[in-house]
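Come along and check them with me.

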Amino acid sequence: MNRCVFCGGELKKETVTFVYEDDDRYFFVEHVPAEVCSKCGEKTYSPEVTEELINFGRQKCKPLKTVEVPVFDFEEKVC
Ligand SMILES: [Zn+2]
């Protein structure tokens, strides 16, 4: 049984959505195999999976779909 490096909680194999964020570029990768800490929720990816995720960032693949994402600003509320 693997343990979380941050809190020592139990890691469970789960399928998650990876969120990439870099300056003004965002994308999601759905159905990514990860190990998720049952205590703090920290996601851990295997080296193979991490490499794949980096490849998505290099835009070698076309996205399956594009969604519109609402962006709020905590300090600049528009109500
Ligand atoms: Zn943890």
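I am working with a predicted model, where local features need pLDDT of at least 70, side-chain atom pairs count only at pLDDT 80 or more, and totals for chains, interfaces and linings use all residues. Residues are numbered from 1 along each chain as its sequence is written, and side-chain values use heavy atoms, with hydrogens and water left out.

**Sheet.** I took helices (H or I, at least four residues) and strands (E, at least two) as DSSP runs, numbered from the N terminus. I found 3 strands in an open, antiparallel sheet ordered β1-β2-β3. Its edge strands are β1 and β3 (43-44), each pairing on one side only. Pairing asks for at least two DSSP bridges between two strands; β1 and β2 have 11, in the antiparallel sense. I also noted tyrosine 20 opposite phenylalanine 27 in β2.

**Helix.** I saw α1 (residues 47-57) lying across β1 and β2, at about 170° to β2. Axes are lines fitted to C-alpha atoms, for helices over the stretch in contact (heavy atoms within 4.5 Å), and angles run from 0 to 180 degrees between N-to-C directions.

How big is the largest pocket? I read a volume of about 800 Å³. Of its 21 lining residues, Phe27, Phe28, Val29, Pro63 and Lys65 are the closest to the centre. A pocket here is an open set of points on a 1 Å grid over the protein atoms alone, where a 1.4 Å probe fits, with protein on both sides within 12 Å along at least five of seven lines; lining residues have an atom within 4 Å of a point. β2 gives the most to this lining, with 7 residues.

Note on methods: Grid points are joined across faces, edges and corners, and a volume is the space filled by probe spheres set on the points.
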